[in-house]
Amino acid sequence: MKELLHNISQCTICKDHLPLGPRPVVTGHIKSKIIIIGQAPGTKVHASGIPWDDQSGKKLKEWLGVTNAQFYNTENFAIVPMGFCYPGKAKTGDLPPRPECAPQWHDLLLKEMPNVALIILIGTYAQKHYLKDKAKRTLTETVGEYKSYLPMYFPIPHPSPTNRFWRAKNPWFEELVVPELKERIKEII
């Protein structure tokens, strides 16, 4: 695992498309129990090199019901985004994750983590990649059907502040789904 993470840290396969250059942000451990698969690091995470080191991360940890110490303990959580580097700015938010990372690295990483009990799929990119034709037409439908993907996958929306409108329109997520997510996390770690 250490060698694989080192190789990923040296990855430059999409460097020509990265406005801030490559800086892969990914964590894992052979004993990781939960994998968080999100989109790609934002500018703050690119600068710090610490996954989920922003407002989105604060909300995610709240949804998971974990402390910083629990979250950053790689024996608890591996953090494997769809794109490992900051992809650049779009009109609203960031560009989609670069398509090179997941096919290049995900299978290799998952093979190194035999103790995984749960994979949290954050957002449409992760859900479509991992759930394939089992993903519903929209993120809202996929998240609403989360029980059908258990016990291995738990789809959730992105915790970004820009998704506050989605959360306001879908209060059932934080009222019903988040408590079940917290309970599942507590059982595993």
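The lining of the largest pocket comprises 18 nonpolar, 14 polar and 4 charged residues, where Ala, Val, Leu, Ile, Met, Phe, Trp, Tyr, Cys and Pro count as nonpolar, Asp, Glu, Lys and Arg as charged, and the others, Gly among them, as polar. The structure is a predicted model, in which local features need pLDDT of at least 70 and side-chain atom pairs count only at pLDDT 80 or more, while totals for chains, interfaces and linings use all residues. Residues are numbered from 1 along each chain as its sequence is written, and side-chain values use heavy atoms, with hydrogens and water left out.

The volume of the largest pocket is about 900 Å³. Of its 36 lining residues, Gln39, Ser56, Asp94, His158 and Ser160 are the closest to the centre. At least two lining residues come from each of α2 (43–48), α3 (55–64) and α6 (123–131); helices (H or I, at least four residues) and strands (E, at least two) are DSSP runs, numbered from the N terminus. A pocket is an open set of points on a 1 Å grid over the protein atoms alone, with protein on both sides within 12 Å along at least five of seven lines; a cavity is a set where a 1.4 Å probe fits but cannot get out, and lining residues have an atom within 4 Å of a point. Grid points are joined across faces, edges and corners, and a volume is the space filled by probe spheres set on the points.

One cavity of 30 Å³ or more is present, and the largest cavity holds about 50 Å³ of space. Its lining has 10 nonpolar residues, 1 polar residue and no charged residue, including Cys11, Cys14, Cys85 and Cys101.

An open sheet is formed by 4 strands in the order β2-β1-β3-β4, with parallel pairing; two strands pair if DSSP finds at least two bridges between them. β2 (77–79) and β4 (153–156) stand at the edges with a single partner strand each, so one side of each lacks a neighbour in the sheet. Strands β1 (residues 34–37) and β3 (residues 118–122) pair over 4 bridges in the parallel sense, and Ile36 has Ile120 in β3 as its bridge partner.

The structure contains 8 aromatic pairs, defined as rings of Phe, Tyr and Trp (its six-membered ring) with centres within 6.5 Å; planes under 30 degrees apart count as stacked, over 60 as edge-to-face and the rest as tilted. Trp63 and Phe173 form an edge-to-face pair, at 4.9 Å centre to centre and 75 degrees between the planes. This pair joins helix α3 to helix α9 (residues 172–188), its members being 110 residues apart. Trp63 and Phe173 are both buried (under 20% relative accessible area; exposed is over 50% and partly exposed in between, with a 1.4 Å probe and protein chains only). Trp166 and Trp172 are also edge-to-face, because their ring centres lie 5.9 Å apart and their planes at 70 degrees. Trp166 is buried at 15% relative accessible area, whereas Trp172 is partly exposed at 24%. Trp63, Trp166, Trp172 and Phe173 form one aromatic cluster.

Most residues other than glycine have a negative phi, and most peptide bonds are trans. The peptide bond from Leu150 to Pro151 is cis, with omega near 15 degrees; Pro151 lies in the loop between α7 (139–144) and β4. Trp52, in the loop between α2 and α3, has a positive phi near 55 degrees and is buried at 11% relative accessible area. Lys132, in the loop between α6 and α7, has a positive phi near 50 degrees and is exposed at 54%.
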